[in-house]
Amino acid sequence: MNVFGLIGEKLSHSLSPIIHHYVYEILELEASYSLYQVQPHLLDAAVQGIRALDLRGVNVTIPYKVKIMGFLDYISPEAQKIGAVNTILNDASILKGYNTDYIGFGRLLDKHLIKPWGKRAVILGSGGAAKSVSAYLEDSGVSELYIVSRKPEEVNHFDKHEVISYEQLSLIEQGYLLINCTPIGMYPCENAIPIPQDEISKFENVVDLIYNPSCTLLMSTAINHGIPAYNGLYMLISQAIAAIEIWYRISIPKEIVDEVYKKLIQYMIKIG
Ligand code: NAP
């Protein structure tokens, strides 16, 4: 039996156990996945615990994706570039850090046939998800990328891209891909939208990393303007499956990702 889990501070609403259990069931893997809520001053001890308890791997979430890097033995190139780790492999007590949000975002774009090569894109927000998304878009050959922040003058970790204010967004021309990497649209801001509604019609595609609710106000406004809009559920599942691929050193077919995606949609409808 391989033991896996998620390290974070507040995990009661996490969908990760259910996603992982679906995959273990489909692939007939003998594995368990638990939630480990860790207080900030015990993060070091929790990492030691991965070795001591021989956990095969863990995922890492808010607020530890950056801090945990200091406790690991190896960091993959994409995690290094992003500056955050969300997956750890315990390889005979050598702890190796990866970033599967990067992979998950790529698979979300593939799923919806969005090809970033040569495209122009705008990312809302400058946090952890924005870093993974910008690294992926950059590696995929976007021609132009803007990061939108409430305080652009304080954001200095996107050295290759211009960080602009929400006011400057009105100067952006038609045809960009818009990605929401802010929490605006999810609880407790479900009725809020990160940019003015009349700005949305100029975007070519909208991707909202939020998956609960499944259709944010940003997405429904885009759809009402005839603009394709997608939520972050496929990314959430894909980042989990990419972690399992790292832990087991296997490749999981896209059909399985799609099967888990359908099961999770049904589950979310059931729980409301
Ligand atoms: P984060 O590190 O806290 O960053 C969020 C960023 O959004 C902040 O850096 C901030 O940028 C902006 N922001 C925060 N509060 C805001 C507000 N009230 N109004 C406007 N902007 C605000 O969080 P994260 O990890 O990047 O996650 C961001 C979102 O993506 C969350 O909704 C999360 O659930 C989602 N996400 C989804 C997946 C997935 O698999 N689908 C994966 C990761 C994250 P500025 O200060 O520069 O404005």
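**Ligand and sheets**

Modeller: In this predicted model, a polar backbone atom of L236 lies 3.3 Å from an oxygen atom of the ligand, a polar contact being a pair of N or O atoms within 3.5 Å; within protein, one must be able to donate a hydrogen and the other to accept it, and residues adjacent in sequence count only if both atoms are side-chain atoms.

Colleague: How much of the ligand does the protein bury?

Modeller: The protein buries 75% of the 910 Å² that the ligand exposes when taken alone. Accessible areas come from the Shrake-Rupley method with a 1.4 Å probe, and for residues only the protein chains shown count as cover.

Colleague: And how far is the backbone of A129 from an oxygen atom of the ligand?

Modeller: A backbone N or O atom of A129 is 2.7 Å from a ligand oxygen atom. For G128, a polar backbone atom lies 3.0 Å from an oxygen atom of the ligand.

Colleague: Which residues around the ligand come nearest?

Modeller: S126, A129, S149, L209 and G232 come nearest, of the 19 residues around the ligand. A residue counts as near if one of its heavy atoms lies within 4 Å.

Colleague: What is the make-up of that shell by class?

Modeller: The shell has eleven nonpolar, seven polar and one charged residues. Here Ala, Val, Leu, Ile, Met, Phe, Trp, Tyr, Cys and Pro count as nonpolar, Asp, Glu, Lys and Arg as charged, and the others, Gly among them, as polar.

Colleague: Which helices each supply at least two residues of the shell?

Modeller: Helices α5 and α7 (233-248) do. Helices (H or I, at least four residues) and strands (E, at least two) are DSSP runs, numbered from the N terminus.

Colleague: How many bridges pair β7 with β10?

Modeller: Four bridges, in the parallel sense, pair β7 (residues 120-124) with β10 (residues 176-180). A121 has L177 in β10 as its bridge partner.

Colleague: What about the sheet with mixed pairing?

Modeller: Also open and of six strands, that sheet has the order β2-β1-β3-β5-β6-β4. β2 (31-37) and β4 (74-75) each have a single partner strand, so one side of each has no neighbour in the sheet. β1 (residues 2-8) runs parallel to β2, joined by seven bridges, and I7 stands opposite Y36 in β2. Helix α1 (residues 16-27) lies across β1, β2 and β3 (57-60), at about 170° to β2.

Colleague: Which peptide bonds are cis?

Modeller: Among them are I62 to P63, with omega near 5°, and Y187 to P188, with omega near 0°. P63 is in the loop between β3 and β4, whereas P188 lies in the loop between β10 and β11 (203-208).

Colleague: Which conventions apply?

Modeller: Residues are numbered from 1 along each chain as its sequence is written, and side-chain values use heavy atoms, leaving out hydrogens and water. As the model is predicted, local features need pLDDT of at least 70 and side-chain atom pairs count only at pLDDT 80 or more, while totals for chains, interfaces and linings use all residues.

Note on methods: Two strands pair if DSSP finds at least two bridges between them. Contact means heavy atoms within 4.5 Å. Axes are lines fitted to C-alpha atoms, for helices over the stretch in contact, and angles run from 0 to 180 degrees between N-to-C directions.
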